[in-house]
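Hi everyone, thanks for making time for this. I'd like to walk you through one model, so let's get it up on the screen.

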Amino acid sequence: MDRIRIVGGNRLNGVIPISGAKNAALPLMIASLLTSDTLTLENVPHLADVEQLLRILGNHGVDVSVNGRREHQDGSYARTIHFTCRTIVDTTAPYELVSKMRASFWVIGPLLAREGRARVSLPGGCAIGTRPVDLFIEGLAALGAQMEIDGGYINATAPKGGLIGAHYTFPKVSVGATHVMLMAASLARGTTVIGNAAREPEIVDLANCLNAMGARISGAGTSTITIEGVSSLSGARHRVLPDRIETGTYAMAVAMTGGDVTLQGTDGTLLETALETIRRAGAEITMVDGGIRVIGHGDDIRPVDIVTEPFPGFPTDLQAQFMGLMTRAKGVSHVTETIFENRFMHVQELARLGAKISLNGQTARIEGVSRLKGAPVMATDLRASVSLVIGGLAAEGETIVNRVYHLDRGFERLEEKLTRCGAIVERVSE
Ligand code: EPZ
């Protein structure tokens, strides 16, 4: 099993190219099931989760061709993938595939909308909470689908003639359930209005792509989305938006180690709350042509309290990294997690590096320390593992991050991007 070895203490200086967003690429890829024409996605990141979803889509009958994998001078990749699903050959998404990644459950929306039925295993994914699927079941049932749970699977059946547009308000904001409703309602008869919809930029990206495919969606990015159903969707070409979580992660790394880094190919408006928080912690952040520039001072980090919230609030996917940054703040800070009930597994691992963190329910109290010291640590989930990398970059001596496969799910060529900026980070294969 691979490990990441980090020798901390170096400042980061240079350019880091930001990849396409994992959490946009996954639903966009799934949208290819909605049409028999070719959907072309540009800027698709090369990640374990993307490769896993390619296997899942292949199982349903999607032909995939990858090209344009061009390496630019700054080290960035431009990967373009063509997806063609002439016919859906299988409406079952089996346990062996779906249990590995929660987002693969989302195929339920397009399968149901295009074929009138779907049998999808209950999902897996990062162990960050119970992560139920009640909102998907309620939402699709509102469109007329019959939903049954049987032997670990959801059997969904559309009414004769297909799904029917409806007004449905989510009792709780869910990114995944909003994605699924957008896809399903695009091919429903009549108009659907979704209330309390997720407002994440990845929702807007999916809506833009679906509209390019011929859907009629308005209001994406607000909490009320209206979808006028159409009878079929066509192919399109769409560019995956930049990864705001990767952007925020590297911005926090620079704030932590000190240095001067330009995050290239990203868009600061995708993560204003997070950037403002990092500024309050002491880093200088400015928008520059084609990206953002982060200047960190390293040893003068100010404590800031955060509460995770749905977009546009502080993202849960940056909570672990921010806690990593706060471990070296001059004073006490509090991090409150409101989205997932079990997203503090990084706490005990950060403690191995010398962090002082105590937990009280959903709030962590972090007492900043003047130095962290390298240690062997265990990656427990995707974002938790990168918080350990950030900690390791600022710690004195050697940190070994075990179970690196978590990182490979969501960070493209992390060690290479950091090494180019002067960090000592290497992958050790056994
Ligand atoms: C998406 O997960 C992201 N995944 C997550 O990123 C992210 O943490 C999360 O949104 C919140 O921003 C992808 O986009 C692939 P939710 P999702 O449904 O859609 C509860 C990462 O590290 N809920 O918005 O699964 C749920 O338990 C990942 O990249 C229900 O109660 O998240 C949670 O408490 C991890 N019933 C809350 O809603 C449901 O039916 C929000 O979850 C569905 C969700």
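Before I name any neighbours, one cut-off: when I say two residues are in contact, I mean that they have heavy atoms within 4.5 Å. Please also keep in mind that this is a predicted model.

With that in hand, let's start at L182. Leaving aside neighbours within four places in sequence, L182 is in contact with I194, I203, L206, A207, L210, I217, I225 and I227. L182 also belongs to the largest nonpolar core, which has 145 residues. Within that core, I108, L140, L182 and L210 touch the most other members. And which helix gives the most to this core? That would be α8, with 8 residues.

So, on to α8, which covers residues 244-257. Its axis and that of helix α10, residues 319-326, come within 9 Å and cross at roughly 5°. Angles under 35 degrees count as roughly parallel, and α8 and α10 are therefore roughly parallel to each other. On the α8 side, the contact is made by I245, T249, M252, A255 and M256; α10 brings Q321, F322, G324 and L325. By class, that contact has 6 nonpolar, 3 polar and no charged residues.

Is T257 buried or exposed? The relative accessible area of T257 is 10%, and buried means under 20%, so T257 is buried. Not counting residues up to four places away in sequence, T257 touches N10, R11, L12, G298, L393 and A394.

That's my tour, and I'm happy to take questions!

How values were computed. Residues numbered from 1 in each chain as written. Predicted model: local features only at pLDDT ≥ 70, side-chain atom pairs only at ≥ 80, totals over all residues. Heavy atoms only, no water. Helix = DSSP H or I, 4+ residues; strand = E, 2+ residues; numbered from the N terminus. Buried < 20%, exposed > 50% of the residue type's maximum accessible area, 1.4 Å probe, protein only. Axes fitted to C-alpha atoms, helices over the stretch in contact; angles between N-to-C directions. Parallel < 35°, antiparallel > 145°, perpendicular 65-115°, else oblique. Nonpolar A, V, L, I, M, F, W, Y, C, P; charged D, E, K, R; others polar. Core = buried A, V, L, I, M, F, W, Y, C linked by side-chain atoms within 4.5 Å.
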